[in-house]
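Me: Could you walk me through the terms used for this structure, one by one? I would like to see each label set against its cut-off.

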Amino acid sequence: MALERIVALVGGVGGAKLAHGLAQILPPERLTMIVNTGDDFWHYGLRICPDLDTVMYTLGGLVDPVNGWGVAGDTTAALDALRVYGETPWFRLGDRDIATHLLRTQRLRQGERLTTIMRELTRRLQIGPAVLPMTDAEVATIVHTREYGPLPFQTYFVRYRWEPTVTAIEFEGVERALVSPEAADALAQADAILIAPSNPWLSVAPILAVPGLRELLLQKERPRVAITPIVAGKALKGPAAKLMAELGYEVSPSAVCAYYGPFINGFVADERDPELEQPAMPVLRTDTVMSNDEDRARLAAQVLAWLERGTS
Ligand code: FO1
């Protein structure tokens, strides 16, 4: 089966890596990323969209290779100047990165949609595939914690270094959010949908929570495949494993597969893990660890080839 158009649901650094793998092997007109915006927040009057920017900088070849976010080689003169005024900035915004936030914030204030702004920014960075926010509305992931009660996502993630114990997660404002016409169109036209190895609860759940998006996802028979973010009992990056345990899940690819259950009809697990016991769907076991550009392209190609074989 020839799969012409691919949509990937992505968030965070793991999502950006898969996006980059797909972008290396597919012509841009065949690929669309729908990106989590639940991590977005207002900071010093600027609208920061970390997951969109991480995907954009990764696809544009600008990303800091060590952190996986921000701009490579960026300076921090603006943050240093804030310190002179007695501020203690806890969210590291590089100077070049701030240019992105300045422009985005100005355009938002002029009434432009985030989707349109991202199209312009990615065009300027000569990025071919569409990088679409999950919605143009403001949605804020709130992490409820045992120690501090409800925390805005970046406060939990960066300020408290994901140390507090998570009791629940909510997506503030999501009930008023709409799927953008661009995202709806991409989902209507997609021949296959991939869920990146991003955090299922923090990065993918906000996308699936946008009203109408699940229906668009499920509207026709086609491959819908998730790639595990859990390898050998651990998350490759970030709090996925810790969070799963705190929310009462077993930390395993099976638990991720079951969590996505209603939305997917195929699952990609890592070859380091044992075979899933009685999986409810076809499973591809392969090396899912993306340590370099070649790994990203290899994983993307293996997953697409598997889908084209009809997940056999
Ligand atoms: N992550 C950190 O751990 N510390 C930071 O200071 C930080 C700053 C930052 C600035 C811009 C940006 O686009 C991302 C940044 N991130 C930082 C990463 C971000 O918190 C995470 O990638 C996500 O929101 C989780 O997916």
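Reply: Happy to! We can begin with aspartate 51, which has a polar side-chain atom 3.0 Å from an oxygen atom of the ligand. One caution: this is a predicted model, where local features need pLDDT of at least 70, side-chain atom pairs count only at pLDDT 80 or more, and totals for chains, interfaces and linings use all residues. Residues are numbered from 1 along each chain as its sequence is written, and side-chain values use heavy atoms, leaving out hydrogens and water.

Me: What makes arginine 30 and glutamate 4 a salt bridge?

Reply: The term needs a side-chain nitrogen of Lys or Arg within 4 Å of a carboxyl oxygen of Asp or Glu. Here the closest N and O atoms are 4.0 Å apart, so the pair meets the cut-off. Arginine 30 lies in the loop between α1 (12-25) and β2 (31-35), and glutamate 4 in the segment before β1 (6-10), so the pair ties together parts 26 residues apart in sequence. The whole structure has 17 salt bridges.

Me: How do the residues of the shell around the ligand divide?

Reply: They comprise eight nonpolar, two polar and four charged; Asp, Glu, Lys and Arg count as charged.

Definitions and conventions: Polar contact = N/O pair within 3.5 Å; in protein donor to acceptor, adjacent residues only side chain to side chain. Helix = DSSP H or I, 4+ residues; strand = E, 2+ residues; numbered from the N terminus.
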